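Please open the structure in your viewer and keep the selection tool at hand. The tour below goes from one selection to the next and says what can be found at each.

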Amino acid sequence: MTRRAYAIIVLAAAACEPGLSGQPPTEISVEDPGPSHGASPNTDLHNLWDPPSPTPVDPWTEPPVEDGQGPFLTRQLLVQIGEGVDLGDLAVRHGIRATVAPGPRGIGAVEVPVDDDPQALIAELQSDSDVQYCGRMGLIVGSADGWAVEHQWHHDETRRPEELPRGLDAFTVAVLDTGVAYEDYVDEDGQAYVLAPSLASTTFVAPWDFVNGDAHPNDDHQHGTHLTSLIASDGDVVGVAPGVKIMPVKVLDHRKRGTELALIRGVDHAVDNGAHVINLSLSFPPGYVPSPLLQRALQDASQAGVVLVGAAGNGSVNEVTWPAASPHVIAVGATDPQGDRAPYSNWSTQLDLLAPGGDLTSDHDNNGFPDGILAETVALGDPTRTGLWFVEGTSQATALVSGVAALRLAVDPDPRAVVGVLQKESSGGFHPERG
Ligand SMILES: [Ca+2]
Ligand SMILES: [Ca+2]
Ligand SMILES: [Ca+2]
């Protein structure tokens with residue numbers, strides 16, 4: 001049974017490999033003079049994934065509160081208020097500042113002043129009868145693990161998956177991530193963005209940017225576009241489910257970091273706008289248990305019939321991170337090219353299945369390229385330049401499963417059947433060590 005599940009996912013991944021065999025590779029370049037091929041891919045991760053030039057501090061996530069609970073907490077508190085309560089007035093009463101206005105669930109954020117003890121402030125707010133919930137707000141990070149290698153030749157050949165189900169265009173995958181290169185656009189700061197060529201025929205619906213609060217979730221990193229390409233591309237690379245609609249929802253910033261509140265808002269937005277699948281290639285750190293508010297949003301999405309797919313995380317630890325650890329989210333770990341659990345992939349009994357996530361330290365097929373997962377995305381620091389990049393991570397595995405989930409829905413639109421097929425087939429003989 002496990003084998004069969006692998007076969008499905010591996011087949012899907014094979015469909016997005018371009019015709020590598022027909023043409024000799026001419027050149028690859030590493031984005032930064034970082035690790036050479038075969039070296040540990042993670043040592044210069046931050047140099048490679050962070051933008052090349054200093055950027056303004058993002059008040060949502062900087063600086064993290066260093067209080068011994070780890071760096072993955074924001075300076076903000078998640079606050080849910082009762083009906084008719086004004087969060088701004090409430091904050092003033094407590095001598096603090098509201099930073100994010102409450103949304104549909106009455107959930108907003110307040111800032112922890114630099115000299116305040118977060119726990120004391122939480123206790124103070126919890127004792128206010130206008131406050132229904134108050135707690136720390138976690139930080140989420142996109143779950144691509146490895147350095148991206150740009151692939152600098154053009155393919156004449158494209159490969160479509162055989163026998164795409166009819167009616168795939170009636171289904172929507174929401175990609176909650178760093179945004180998507182889904183339009184040619186110049187923002188009010190004069191920053192230009194372009195549509196990725198392989199997404200030119202894709203229909204995009206209900207775009208929203210919860211990081212900057214606008215209707216243009218352009219990708220100012222490269223994580224979200226890479227995942228979208230794996231799902232929907234139809235060009236130099238072909239995704240798992242070309243023809244499916246994509247809902248770009250930006251919840252991660254230019255460093256692929258975001259808040260628990262943006263995630264809650266993003267999930268609600270996807271459900272309210274008719275998404276059938278939500279791709280969550282992002283993780284809280286190990287050990288972090290999200291608020292009951294996020295847990296409720298995930299439960300509500302699942303009960304609305306939406307299939308949620310989440311990355312198990314790249315810490316190489318025996319723990320599936322949230323939100324994948326939620327009972328309402330399918331937890332996806334990553335395999336290497338030989339079908340074994342990739343060295344960076346988390347695992348645990350909460351893992352639901354494995355899909356290809358690549359391994360940039362190997363070249364098992366001897367094609368001269370590290371065995372990452374290839375897809376189109378934008379260059380770090382230059383969202384006007386697109387190209388093909390090898391990336392590894394449980395993020396990529398998750399996107400492949402989201403694409404397969406959309407294909408399944410087109411065959412049988414019952415979301416319970418999708419979850420059943422994917423989970424049941426990976427449960428028999430399931431071994432948490434291997435997945
Ligand atoms: Ca924007
Ligand atoms: Ca789960
Ligand atoms: Ca290779």
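A residue is called buried here if 20 or more other C-beta atoms lie within 10 Å of its own, exposed if 12 or fewer do, and partly exposed in between, with the C-beta atoms placed from the backbone. Helices (H or I, at least four residues) and strands (E, at least two) are DSSP runs, numbered from the N terminus. The model is predicted, so local features need pLDDT of at least 70 and side-chain atom pairs count only at pLDDT 80 or more, while totals for chains, interfaces and linings use all residues. Residues are numbered from 1 along each chain as its sequence is written, and chains are lettered from A and ligands numbered from 1 in the order in which they are written.

Select residues 394–411 to begin, which form helix α8. Of its 18 residues, 17 are buried, so α8 is largely enclosed by the rest of the structure. From its first C-alpha to its last α8 reaches 26 Å, close to the expected 26 Å, where the expected span is 1.5 Å times one less than the number of residues.

Just after α6, look for G274, which takes a positive phi of about 85 degrees.

Now select strand β15, residues 307–311: how many of its five residues are buried? Five of the five are, so β15 is largely enclosed by the rest of the structure. In a regular strand the side chains alternate between the two faces of the sheet. In β15, V307, V309 and A311 point one way, whereas L308 and G310 point the other way.

Strand β13 (residues 277–280) runs parallel to β15 and is joined to it by four bridges, with V277 having V307 as its bridge partner. Four bridges also join β15 to the parallel strand β16 (residues 329–335), where I330 is the bridge partner of V309.

Finish at L77 in strand β2 (residues 73–81), which counts as buried because it has 24 C-beta neighbours inside 10 Å. L77 and I122 are 45 residues apart in sequence, yet their C-alpha atoms are 7.7 Å apart in space. Leaving out residues up to four places away in sequence, L77 touches several others, including A109, I122, C134 and M137; such a contact requires C-beta atoms, placed from the backbone, within 7 Å.

Definitions and conventions. Pairing = 2+ DSSP bridges. Contact = placed C-beta atoms within 7 Å.
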